[in-house]
Amino acid sequence: MPLSWNEIKTRAIAFMKEWADESREQAESKTFWNEFFNIFGISRRRVATFEQPVKKLNQHTGFIDLLWKGVLLIEHKSRGENLDHAAQQAKDYFAGLQEEELPKYLLVSDFQRFRLHDLDSNTHQEFELPNLLQHLHLFGFIAGYEKRVYSEADPVNIQAAELMGQFHDRLKIVGYDGHDLEVYLVRLLFCLFADDTVIFEKGIFWQYIDLHTKADGSDLAMHLDAIFTVLNTPPEQRLKNLDENLQQFPYINGQLFVERLRVAAFDSEMRKMLLQACALDWGKISPAIFGSMFQAVMNPQQRRNLGAHYTSEKNIQKLIKPLFLDELYREFSRAKGSRAQLTALHQKLAKLHFLDPACGCGNFLIVSYRELRLLEIQVLRELHPGGQGFLNIQDIVQVDVDQFYGIEYEEFACQVAQVAMWLIDHQMNMLVSQEFGQYFVRLPLTKAAKIVHGNSLQIDWQAVVSPADLHFILGNPPFVGKHLQNEQQKTDITLIFQGVSGAGVLDYVTAWYLKAARYIQQTSIRCAFVSTNSVAQGEQVGILWNELYHRYHLKIHFAHRTFAWQNEAKGNAAVHCVIIGFGTQENDNKVIFDYETIKSEPTERKVKNINPYLAEGSDIVILKRSKPLCPVSEMFKGSMPNDGGHLLLSESEKADYLKKEPQGEKFIRPFLGADEFINRINRWCFWLVDIQPHELKRLSLLLKRIEAVKTLRLKSKRATTVKWAQHPTLFTENRQPNNNYLLVPRVSSEHRPYVPIGFLDKNTIASDATFTLSNATLFEFGILTSQMHMAWVKYTCGRLESRFRYSNTIVYNNFPFPNYQQITPAQKSKVEQAAQQVLDIRDLYPESSLADLYDSLTMPPDLLKAHQKLDKAVDLCYRQQPFNSEINRIEFLFSLYEQLTAPMLSLKKTRKSPRRIPLSKKDDDSTD
């Protein structure tokens, strides 16, 4: 058992006294270093070798005074010799060492002077023997007390996971796979970590494999099986004649080594892999991120970009700080100076319970547990200044892993999560040991996080942990859009949202919101989930939050608006996410975290209330409407050919067709979708609504295209499409305006300051990737291309990735236009003049596309200025006071929307509302 710091200091004082005698000679150097190691309770002979032979660069054989492979190299000189020369001599030996044997520390000494080089940080410390006591902390790594710096992007995390991946592959090749393989790897993970963090006596696992197994690997599996058996056997039950090299392994328990597995088989290459893994500094591994990487090695595709497969701790902190950690620290700050309050807080920390119902490898649980332990250490520091007031550190540490619960679909991830919780617990125990000078370890393992294997959406959460015992639900449930859901996931959505109209469009993550809402009824449990930003945009808001508000009376406590959820690894794809904290109780400390861009740092803003669009405002939801809320023209989706491309032509295809069949030109019309409109791409279609049979008969090439359309539609699985095979000359959905119209693209980049819209001739066919407003006026154009409308778009539209996905039924039909009866002729005229100026300036750039004109980097200054003038004119149609920010605009618009729809959509706390409130039966059935 490693020594406490107090015992180490006592031994160091005796060592200093003994070796202060300058008459001690170089011949006694071995005794010197044996006793030096003994200061830390480590037997030198178990870990390090004297006079290790090594080939130098000049091919001469040298002898290292003392080598602890992978950890420490010592070069000892006679008193008064040059330590610079000694350090260089030691470094010359590196060329003859295997990579896994290279030390992390280099120590040179002459009995009286010590110089310790930290080769990882490229720093060194020098002191004399009388000052050893003040520098003992530098040698904490010998006893296992080394302070660690855990870096998310630390290469050791990726390197370790890659090595385990290679090991996994080799075992699988020889036929060792499935459940046994997964458990085997988790056991090895524990042993490797334990070997570097004094769960085991430091280095004994590595040394055992290196010295007691054959080079060809033939007996490695047998020895590993023996180690696993010993780790599961209490000392009093072990064989009395058990090999002392096995006897030194402690009793672990914790069920980790209970199950009997098939005996594996290894070869020399696999043994070498394991030794390479032993040589890594597993004490630097971060359990919070390694688990995800470890799981990723099982998937060859994920392994190619291994660093992308973890959740960065920075992002986890965004959730746990406002959910519980900030409040606990505020309570700690208030409690300082009061023993009673500190004691009460300490007891509270030990009673808090957490559930992650989609825990994966346990990232959120691990970081939450670590932060709780760090806070506990601060509380203990206040209660026991100078480490006074207790005899045994184990009597005062109360926070433990059994306060944490998880549910996970993947069995391997469950196993990794449970082990990772033990690993972070041990790291925290080592921190306690450093803080209070007593060695603290929880062995054998008697408590564990409860990680349940199963489908979280079909498991009864109350069977995992009672709501009466739980305080927080948190996590990062899977994001799967409706088009990417497999059959099981669709079944889960149907099960959770039974009876909820329109639930088929919801993202998979929304099911966790509803299940959590049911679970926390009549409790003070607080929840927070990371989610795709679609849960706070577009039609999903009306379906999900109408249910959560009306039936389950949830309140949003805090929210991170859209940001890029990513880590620092190269090549990882950022997901556009939000974080929403909620519960059934009111909260007077509501906070919105805003982001200037999706990659910027958040700014915190205290608000009175947070609506489901993650803006300050009343609890309203915006549902689909088939007709506009205000007295304005109707907007319709463009026309859809459903033709397999046979009625469509590119510029080159059109030219080629007309060379062969020029008489068909009168039936070709410009055809614009969002991409063609914005990027100035010429595309065409055959528009045959008025073609006469005798005309079509003369166009043989066109007839072939018509025949191909008919064949395509007949093969469709949709009955309506098959029916349209009777009319192969026509688009299946013809909504082309009979007059000139305003075109609005359905999808547009979020980087543009305005969604580009424009007037088109009635002979230009608008595709179903656009919306049309027939006979639109300059005033309507001005309103729809203003910052007021853009603010509404950003908050209420759906998203395609992060791009705006406009909707007539959600965005346009619910948009609060200014009150036409209150607008003066002068105000209307200013909007029309400013709108015309925008169009006129656009005409000055005939070679530039709308994508060029509305790119934030290339937008012409005169066009931007014209838009700003238009914005001011539109603003004045709403109110006289200026809008200082987008937040001002959207909060005003939500308030106006509430006035226009009250009392239909206002969600009042004083009465129970029906589960869903359509504006009318027709509105409820409307679609885009």
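Which residue in S4 does Leu-73 stand opposite? Leu-73 stands opposite Leu-106 in S4.

The model is predicted, so local features need pLDDT of at least 70 and side-chain atom pairs count only at pLDDT 80 or more, while totals for chains, interfaces and linings use all residues. Residues are numbered from 1 along each chain as its sequence is written, and side-chain values use heavy atoms, with hydrogens and water left out.

## The sheet

Helices (H or I, at least four residues) and strands (E, at least two) are DSSP runs, numbered from the N terminus. Six strands form an open sheet in the order S1-S2-S3-S4-S5-S6, with mixed pairing. Two strands pair if DSSP finds at least two bridges between them. The edge strands, each pairing on one side only, are S1 (49–55) and S6 (123–128). From one strand to the next, the twist averages 30°.

Within this sheet, S3 (residues 72–76) and S4 (residues 105–109) pair in the parallel sense over five bridges. Helix H2 (residues 29–39) packs on the sheet and touches S1, S2 (61–68), S3, S4 and S5 (113–118). The direction of H2 makes about 145° with that of S3. Helix H4 (residues 83–92) also packs on the sheet, touching S3, S4, S5 and S6. The direction of H4 makes about 140° with that of S4.

## Packed helices

Two packed helices are described by the angle between their axes and the distance between the axes. Axes are lines fitted to C-alpha atoms, for helices over the stretch in contact, and angles run from 0 to 180 degrees between N-to-C directions.

| Helix pair | Angle between axes | Distance between axes |
|---|---|---|
| H14 (residues 313–335) and H15 | roughly 155° | within 9 Å |
| H15 (residues 339–349) and H16 (residues 363–383) | about 155° | 10 Å |
| H16 and H17 (residues 411–436) | about 20° | 10 Å |

Angles under 35 degrees count as roughly parallel, over 145 as roughly antiparallel, 65 to 115 as roughly perpendicular and the rest as oblique. A crossing is left-handed if the near helix is turned anticlockwise from the far one by less than a right angle, and right-handed if clockwise. Contact means heavy atoms within 4.5 Å. In sorting the contact residues by class, Ala, Val, Leu, Ile, Met, Phe, Trp, Tyr, Cys and Pro count as nonpolar, Asp, Glu, Lys and Arg as charged, and the others, Gly among them, as polar.

H14 and H15 are roughly antiparallel to each other, and H14 passes H15 in a left-handed crossing. On the H14 side the contact is made by Leu-328, Glu-331, Phe-332, Arg-334 and Ala-335, and on the H15 side by Gln-341, Leu-342, Leu-345, Lys-348 and Leu-349. These residues divide into six nonpolar, one polar and three charged.

H15 and H16 are likewise roughly antiparallel, and H15 passes H16 in a left-handed crossing. The residues of H15 that make this contact include Arg-339, Leu-342 and His-346, and those of H16 include Leu-372, Glu-376 and Leu-383. By class, the contact has eight nonpolar, two polar and three charged residues.

How are H16 and H17 placed, roughly parallel or roughly antiparallel? H16 and H17 are roughly parallel to each other, and H16 passes H17 in a right-handed crossing. Among the contact residues are Tyr-369 and Arg-373 of H16 and Met-421 and Asp-425 of H17. The contact divides into 13 nonpolar, one polar and five charged residues.

## Single residues

Buried means under 20% relative accessible area, exposed over 50%, partly exposed in between (1.4 Å probe, protein chains only). The contacts given below leave aside neighbours within four places in sequence.

Lys-828 is in helix H30 (residues 825–843). With 41% relative accessibility, Lys-828 counts as partly exposed. Lys-828 is in contact with Phe-779 and Ile-823.

Ser-849 lies in the loop between H30 and H31 (850–853). Its relative accessibility is 7%, so Ser-849 counts as buried. Ser-849 is in contact with Ile-678, Asn-679 and Arg-680.

Lys-762 lies in the loop between S22 (758–760) and S23 (765–766). Lys-762 has a relative accessible area of 40% and is partly exposed. Its contacts include Gln-736, Pro-737 and Tyr-741. Lys-762 and Ser-774 are 12 residues apart along the chain, and their C-alpha atoms are separated by 8.9 Å.
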